[in-house]
Amino acid sequence: MPSRLDREERRRQVSEAAWRVLVRDGLEALSVRNVAAEAGLPQSSLRYTFPTVATVRERAVALVVERLTERVDAVDPERGDWGRAVLLELLPLDDERRTEMEVYLALGTAAMTDPSLRDAHRAAQSGVRDVCVRALGALAGRAARDVEVRQVHALVDGLALHLVRQDPGADVAWAVEVLDAHLAQLAG
């Protein structure tokens, strides 16, 4: 069991190193060599787990989904505002989530021309949609209609894009207000 944990921890560390390279230096710099250097590992040891840049990219997207899932699962289901709270987890309202969103956007854009990323990107989109379905169901006390899910998913995606494009450290409260206004319209 410890070797499995070590392997998973190494995969996470390498994925986090890939995020740092991607956010700092751009998609073009995302190579096995650069990620190995960022992680402080010999390139040869990295190639065993991540033999190609495609595998590094796929794992970087998967880590975004894992982190989102961990945050959503950590929200107390007994909270009266659980649906709103999990939707807020989809927004880059702090540095950690901003980094995740930058990685997600860069690799999502790359997925348009890189077939090796398409499945990972679809899985990420499906995960976000699932959070929207669950959140709206909790907020409305009923199954959410497809159009409501699509609206909230599009709103969250759009807000996330705007938040990432604004200056780091800029006020993010406006995005929460927009989400709250939309949720109030759905409730009313």
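Let's start at Pro51. Pro51 sits in the loop between helix 3 (43-49) and helix 4. Helices here are DSSP runs of H or I, at least four residues, and strands are runs of E, at least two, numbered from the N terminus. This is a predicted model: local features need pLDDT of at least 70, side-chain atom pairs count only at pLDDT 80 or more, and totals for chains, interfaces and linings use all residues. Residues are numbered from 1 along each chain as its sequence is written, and side-chain values use heavy atoms, with hydrogens and water left out.

Buried means under 20% relative accessible area, exposed over 50%, and partly exposed in between (1.4 Å probe, protein chains only). Pro51 and Val172 are 121 residues apart in sequence; C-alpha to C-alpha, they are 39 Å apart in space.

Now the overall fold. The protein has 9 helices and 0 strands. The radius of gyration is 18 Å, close to the 16 Å that the globule rule gives for 188 residues, so the protein is as compact as a globular protein of that length. That radius is taken over C-alpha atoms, and the rule is 2.2 Å times the number of residues to the power 0.38. The C-alpha trace spans about 60 × 40 × 30 Å along its principal axes. Of the 188 residues, 42% count as buried.

Next, the core. The largest nonpolar core has 55 residues. By nonpolar core I mean a set of buried Ala, Val, Leu, Ile, Met, Phe, Trp, Tyr and Cys residues joined through side-chain atoms within 4.5 Å. Those with the most contacts inside the core include Leu30, Val35 and Leu107. Helices supplying at least two core residues each include helix 1 (2-25), helix 7 (115-140) and helix 9 (173-187).

Take Val35. Which residues does Val35 contact, leaving aside neighbours within four places in sequence? Val14, Ala17, Ala18, Val21, Leu30, Leu46 and Val56. Contact means heavy atoms within 4.5 Å.

Then Ala124, in helix 7. Ala124 is buried, with a relative accessible area of 3%. Not counting residues up to four places away in sequence, Ala124 touches Val61, Val65 and Tyr104. Ala124 and Asp171 are 47 residues apart in sequence and 27 Å apart in space, C-alpha to C-alpha.

Last, contact range. Among contacts between residues at least 6 apart in sequence, 61% join residues at least 24 apart.
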